[in-house]
Structures are given as structure tokens and as C-alpha cells.
Amino acid sequence: MKGYIKYIAFLVVILLSILWLGGFFSKRTPTEEIAKESKVVHGLTVGTVERLDYVETPYIGQVVADQRAEVSSRIMGRVLKVYVKEGECVRAGRLLVSVDASDVQAQVNAIEQQRKQAEKAYESALAQYEAVKKTYERYSALLKQSAITQQEFDQVKAQFESAKAQVEQAKAGIEALNAQKSAIASNLAYANLTAPFDGCVVQKNVDVGDLAVPGQPMLVLEKAPYKVEVYLPERFLGRVKVGSSLKVEIDGKVFEGRVVESGVSVDPATRTFRVKLSVPSNGLSSGKLARVLIPEDQSTLVVPQSAVVRRFDFTGVWVVKEDNTLELRFVRLGDTIGDKVQVLSGLKEGERVVIQGTEKACEGCKVGG
């Protein structure tokens with residue numbers, strides 16, 4: 001009985017200790033919600049989401065030269081010398097590259113030897129023909145006088161015809177060798193390559209000692225003026241005409257371009273047609289990216305490019321809510337229109353956004369005055 005009482009007392013002590021440690025006997029202070037004070041950010045410039053009813057849609061093109069030539073050789077051989085450097089401007093007829101043409105010259109020399117042998121064969125056939133011709137003429141006179149038989153005459157006539165054919169064959173052989181020699185010798189002109197027009201070397205693909213391969217460009221020459229080439233959707237066919245003026249943006253600068261060429265048919269694969277525009281050529285070079293701006297009636301929302309925040313794959317805008325706090329909102333963007341960018345989703349017209357000082361903005365912060 002005494003052991004049971006001790007056990008009960010032990011449990012009571014343990015229970016009272018747990019209640020005391022849990023604060024059951026302490027005076028409780030009622031909890032109150034502590035209002036979190038928002039951080040105030042200064043130095044932000046706030047703008048609004050605008051709606052444009054008229055936009056200039058950009059189409060990507062490139063700068064091309066008015067004249068372009070890829071200089072290559074028709075013969076294979078080692079490059080002996082390159083007379084120009086990349087970026088150098090040359091006159092028409094200027095020597096550009098020399099190629100070793102010893103193999104071609106050897107072929108020409110071999111054919112020349114064959115031609116000489118053919119001429120000797122021709123002279124021999126001609127001499128034989130003259131001798132047989134005299135015999136034929138005598139037998140013709142004797143036949144008229146009935147001094148020989150028809151059979152004797154026919155034999156001499158056959159010899160005459162054979163000699164005549166041999167002369168013609170030898171003559172044809174000489175003409176064939178002359179033609180072959182001319183065809184091969186014409187390739188010698190490609191051993192010394194010259195500039196086809198006044199222009200500048202924009203690309204140099206060969207050095208001394210390289211192997212010149214027929215048809216492979218060694219140098220590329222271009223001649224100003226430069227133009228902008230762009231492929232436009234078929235809906236503009238007939239609307240964009242020769243003489244039309246369009247804005248062209250190159251290297252961040254906007255030029256007034258004039259249409260000088262406009263296609264009359266549409267590519268069935270891409271549903272586009274080609275247009276070329278003349279632009280001021282100062283400082284331009286072929287291959288540069290160009291944006292041709294086509295005016296279109298189209299309602300769209302835009303924000304300044306400076307308002308866009310990019311973090312890896314995330315693209316967003318700091319929106320100033322009605323309580324003057326900031327919210328980073330995801331947006332889907334479209335084309336760039338001047339210093340603004342098209343907003344396809346995520347914003348509404350008239351909403352306030354941070355357009356300067358986005359690096360200072362933070363989620364939930366309040367915009368200072």
C-alpha cells in the first residue's frame with residue numbers, strides 16, 4: 001500500500017513539473033498581430049502602359065552590295081602569289097592572284113606536238129593525193145579515147161577517191177587538235193586572276209601555297225552602293241512598290257529607304273517576295289542586320305524597353321499597384337517598336353510600371369516620393 005502511494009506521488013510530481021515547464025501556471029499575455037512596415041524605395045521613375053493604334057512592324061533583312069563577285073580559278077594548281085589584302089579596294093583589271101599553271105601548259109605543249117605530227121601526215125596525204133590525181137586525169141583522157149577498159153579506169157578512180165579522203169581526214173585531225181589546244185590554252189587565262197570591276201576585297205580565302213580548286217572562291221569583291229534586301233509577306237505584294245519610301249533601321253540608326261526592286265511573284269514555300277531598298281551607303285558593309293519598318297493599322301500595348309526585367313528565362317515588369325507597392329509580374333513580349341516593346345499579355349492599358357531604376361525595386365516595397 002505504501003509503495004502504491006509513493007508511485008502516485010511520483011506521477012503527480014512529474015505532471016506538475018510538465019505543467020510548470022509548459023507555462024501553465026504563468027500569466028499569459030494576449031498575442032497581437034504586428035503590422036509589417038513596407039520598405040520605401042526612392043529614385044524610381046513610373047510610367048504607364050500605353051496603347052498604340054498604329055505601329056511600324058519590323059521585318060528582318062540584310063545589307064547587300066550592288067555588285068558582288070566570287071573570284072575563283074578554272075584550273076587546279078598551287079597559289080603562287082596573292083597581290084591584295086582583305087579590305088583593300090582595287091581597280092578593274094588589277095591582278096589579284098597567280099596560280100601555278102604548269103600542268104595546263106604541259107598539256108598545251110603535248111597537243112602542239114601532236115598537231116605538228118598531224119601536219120606532217122597531212123602533207124604526206126596531200127602529196128599522195130596529187131600523184132594519184134594526175135594518174136586519174138590521164139586515165140580519164142584515155143577512157144574517152146577508148147584506150148583503156150572501164151575496169152582499169154575504175155581502179156584508178158578508187159585510188160583517187162581514197163587519197164582524197166585521206167587528205168580530208170588529215171585536215172580534220174589538224175582542226176580537231178587546234179580546237180583542243182585552244183580549249184585547254186584558254187584555261188591559262190585563269191592562272192592570273194584579275195578584278196572584274198572596281199571594288200573592295202571583302203573576303204580573302206586563300207594564301208600563298210594553298211591549292212586552288214576549280215569553282216571554289218578565293219576572293220570576294222563587292223562594289224557600292226549598298227542596298228537592303230528583305231523578304232516580305234505576300235499581303236504586302238502590290239502595296240510595296242518601286243519608288244515607295246520605308247524606314248530602315250541599321251546599327252540603331254534609322255534611314256529613309258527607297259524601294260528600287262520589288263518582286264512580282266510569291267515564293268510558294270515561304271509565301272514571301274523579295275524587296276530591295278536603296279539606303280545611304282556611308283559606313284555600311286554587306287551582311288549587316290537591317291530592320292525594315294512597315295506601317296500597319298494594329299492596336300497593341302507597349303511599354304518602354306527600359307521597364308523590362310530579364311532574369312534568365314524570366315521576363316517581367318515591376319508593376320505599381322493601387323496601394324503604391326511593387327509587384328514583379330511576368331509578361332509576354334512581342335516586337336520592338338522604336339524605344340518601346342510590344343506587350344502581348346500580362347498587363348492592362350493604363351497600369352503603372354517602373355520605367356527607370358528597376359534595379360532598386362523589390363517585391364512588396366513602397367514607391368517613395
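Strands, labelled E, are DSSP runs of at least two residues, numbered from the N terminus. Everything shown in these views comes from a predicted model.

**View 1. Strand E10 and its partners.** Strand E10 covers residues 219-233. Of its 15 residues, 11 are buried, so you will find E10 mostly covered. With strand E3 (residues 50-71), E10 pairs in the antiparallel sense over 10 bridges; look for Val 64 and its bridge partner in E10, Lys 227. E8 and E10 are also antiparallel, joined by four bridges, and in this pairing Val 201 has Leu 221 of E10 as its bridge partner. E13 joins E10 through seven bridges, again with the strands running antiparallel. A handy landmark for that pairing is Pro 233, which stands opposite Thr 272 in E13. As a reminder, strands of a sheet pair through backbone hydrogen bonds, either parallel or antiparallel.

**View 2. A cis peptide bond at Pro 225.** Here we zoom in on the bond between Ala 224 and Pro 225, which is cis, with omega at about 10°. Pro 225 belongs to strand E10, the strand from the previous view.

**View 3. The disulfide between Cys 89 and Cys 200.** How many disulfides does the structure hold? There are two, and with the bonded cysteines numbered in sequence order they pair 1-2, 3-4. This view shows the one that joins Cys 89 to Cys 200, with 1.9 Å from S to S. Its torsion about the S-S bond is about 80°, so this disulfide is right-handed. Cys 89 sits in strand E5 (residues 89-90) and Cys 200 in strand E8 (residues 199-204), so the bond ties together parts that are 111 residues apart in sequence.

**View 4. The disulfide between Cys 362 and Cys 365.** The sulfur atoms of Cys 362 and Cys 365 are 1.6 Å apart in this disulfide. The torsion about their S-S bond is about -100°, so the disulfide is left-handed. Cys 365 has a relative accessible area of 5%, and it is buried because that value is under 20%.

**View 5. Helix H2 and what covers it.** Helix H2 takes in residues 102-144, which is 43 residues. From first C-alpha to last, H2 reaches 62 Å, close to the 63 Å expected at 1.5 Å a residue. Which residues of H2 are buried? Val 104, Val 108, Ile 111, Glu 112, Arg 115, Ala 118, Ala 125, Tyr 129, Val 132 and Ser 140 are. An α-helix has 3.6 residues a turn, so residues three or four places apart point the same way. Helix H3 (150-185) is included in what covers the buried residues of H2. After H2 comes Ser 146, with a positive phi near 60°.

**View 6. An open sheet of four strands.** The strands follow the order E7-E6-E4-E9, and their pairing is antiparallel. Which strands are at the edges? Strand E7 (192-194) and strand E9 (211-212) are, each pairing on one side only. Strand E6 (residues 95-99) is joined to E7 by three bridges, and the two run antiparallel.

**View 7. Positive phi at Arg 271.** Arg 271 is not a glycine, yet its phi is positive, near 55°. Arg 271 lies in the loop that links strand E12 (253-262) and strand E13 (272-278). With a relative accessible area of 39%, Arg 271 is partly exposed.

**View 8. Positive phi at Asn 324.** Where does Asn 324 lie? Look in the loop between strand E16 (314-320) and strand E17 (326-330). Asn 324, although not a glycine, has a positive phi of about 70°. The relative accessible area of Asn 324 is 24%, so this residue is partly exposed.

Note on methods:
Residues are numbered from 1 along each chain as its sequence is written. This is a predicted model: local features need pLDDT of at least 70, side-chain atom pairs count only at pLDDT 80 or more; totals for chains, interfaces and linings use all residues. Side-chain values use heavy atoms; hydrogens and water are left out. Buried means under 20% relative accessible area, exposed over 50%, partly exposed in between (1.4 Å probe, protein chains only). Two strands pair if DSSP finds at least two bridges between them. A disulfide is a pair of cysteine sulfur atoms within 2.5 Å. The expected span of a helix is 1.5 Å times one less than its number of residues. Contact means heavy atoms within 4.5 Å.
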